[in-house]
Amino acid sequence: MKMYPILLLTACLSAGCGGTGVSGNAAEGTNLSGTDERKPTATVCNETRTVSLKDPYMQNAQVLTIECLPGWQLVGKVDLEDFQQANGTPNAQIKGSDGARQLGFYTEMARSYYDENDGVATGQRHPLLRSMKWPYTTAEDYLQYVVKTQFPDARSIELKDVQTYDKLPDAMRQYADKYGQILLRNFQQGLANSAMGSSFTQIRGAKADAAAIVCVIKLEDGKEVYHVATACFFILDVRMPYGTMRTIDRRLWNVLELTTFTAADEKSLDVAGTEASRMKGSIQLNPQYSQAIVSMQQGRIEQIKQNVRAGIIRNQQQAARISEQLRQNAAEISDIQMSMYESTSAMQDRVTQLHSEAIRGVNPYVSSDGTVVDIPIGSGTQVWSTSDASTILSSDSYFFNPNIGSTIEYQQMQLLR
């Protein structure tokens, strides 16, 4: 159909016109605040009015303002999951509808998650992607999945047209590339400022991507609606430590300014896209809120640094204790080895000596002064000698004692064994 390229062009040119939203509803002079549990009724006005979106988790601090066009209702929400998990910033989301003209649009600021190529558990991915076996591999795949989540009960979703990165207008590609460079610099700066240093994680690749699609959706009641979805992406491939001696390759996906709009027919879809772009382009972020978020992130980073430094000190102390224990163990093992060597050496010497004595046919006897004398085998088991071992007497008789009736003193010698 002729109108699809025009619709996609409108959607693409709307990218980068602003974006974020927070919890709450809109009315003239009424702030968009509240959580999922607080859902005040939106009021439809016949004139443009400025609506404030507030963050109930930050004492209702104003996040941004947006111009709500006549006939539209707006609701918003702040998704803090990525921010709480230290993976990103608060994700402001805005949903709008015009019931009289049957128009609708949705936009969100950013969300990020890991690819599953390293076996990341399904529950660790962003809620939007937890039901997928694998995260998307292209921007087009992601947008088609988003449309399915927006119309879960649709009878059918027919893809009418697709504009991939290389076919998009220069303005959208430049916008995606610009945000990609900003995110890359932020990531590099974060690594440089980390407690582990820039070598902690290696950047293997970085690129920007973008896409826009047009779908015709048949609803559960048989009615058809026309739907456009567009978004920019930043894809970062990194190599990260995994355990003590391993690394893993991970792909980090950042989805930027996802925007969709819906209408009952093609002509109305063009109107929805134009008015959604105007409202999105009017978004003004509150610099004080942004600074507060940055301060919280910096404080969180500093806390992480302190924890890492404390962990390094504990590891060094543990390593020193282990080193000292290993040194003591080595000393004990060395002493045991030396004692075993000395015992073995003495045993070998004695075996050699006994072998020599057996060959020579003698038995060694030691006198009281320590003199060792070899006595021929068969000379008797009772061996006596003078103090200087100059005279030796021997006999087999157990009662033999040369001191009886002798003026010379003899001492009995002991067999050396």
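Author: A residue is called buried when its relative accessible area is under 20%, exposed when that area is over 50%, and partly exposed in between, with a 1.4 Å probe and protein chains only. The structure shown is a predicted model, in which local features need pLDDT of at least 70 and side-chain atom pairs count only at pLDDT 80 or more, whereas totals for chains, interfaces and linings use all residues. Residues are numbered from 1 along each chain as its sequence is written, and side-chain values use heavy atoms, with hydrogens and water left out.

Reader: Why is S387 called exposed?

Author: The relative accessible area of S387 is 52%, and the word exposed applies over 50%; S387 is therefore exposed. S387 is found in the loop between strand 15 (382-385) and strand 16 (392-395). Strands (E, at least two residues) and helices (H or I, at least four) are DSSP runs, numbered from the N terminus.

Reader: How far from D369 is S387, in sequence and in space?

Author: S387 and D369 are 18 residues apart in sequence, and their C-alpha atoms are 7.3 Å apart.

Reader: What makes S282 count as buried?

Author: S282 has a relative accessibility of 16%, which falls under the limit for buried residues. S282 is placed in the loop between helix 5 (266-281) and strand 12 (284-285).

Reader: How do you know that the side chain of S282 has a polar contact with the backbone nitrogen of E67?

Author: A polar contact is a pair of N or O atoms within 3.5 Å; within protein, one must be able to donate a hydrogen and the other to accept it, and residues adjacent in sequence count only if both atoms are side-chain atoms. The backbone nitrogen of E67 lies 2.9 Å from a polar atom of the S282 side chain, and the backbone oxygen of M279 lies 2.6 Å from a polar atom of that side chain. Both distances are within the limit.

Reader: Why is the pair R101 and E275 called a salt bridge?

Author: A salt bridge requires a side-chain nitrogen of Lys or Arg within 4 Å of a carboxyl oxygen of Asp or Glu. Between the side chains of R101 and E275, the N to O distance is 2.7 Å, so the pair meets the definition. R101 lies in the loop between strand 5 (91-98) and strand 6 (103-108) and E275 in helix 5, so the pair ties together parts that are 174 residues apart in sequence. Side chains of opposite charge can pair when their charged atoms come close.

Reader: Are R101 and E275 buried, exposed or partly exposed, and how do you know?

Author: At 34%, R101 lies between the two limits and counts as partly exposed. E275 has a relative accessibility of 15% and counts as buried. D98, R101 and E275 are linked in a network of salt bridges.

Reader: How many salt bridges does a search of the whole structure find?

Author: The search finds six. Among them, E158 and K160 meet at 2.9 Å, N to O; E158 is partly exposed at 41%, as is K160 at 32%. In another, the closest N and O atoms of E324 and R327 are 2.8 Å apart. E324 and R327 both lie in helix 6 (residues 287-360), three residues apart, about one turn of the helix. E324 is partly exposed at 34%, and R327 is partly exposed at 48%.

Reader: What makes strand 2 and strand 12 edge strands?

Author: Two strands pair if DSSP finds at least two bridges between them. An open sheet of three strands has the order 2-3-12 and antiparallel pairing. Strand 2 (49-55) and strand 12 each have a single partner strand, so one side of each is left without a neighbour in the sheet.

Reader: What does the secondary structure of the protein chain come to, and how much of the chain is buried?

Author: The chain has six helices and 18 strands. Of its 417 residues, 41% count as buried.
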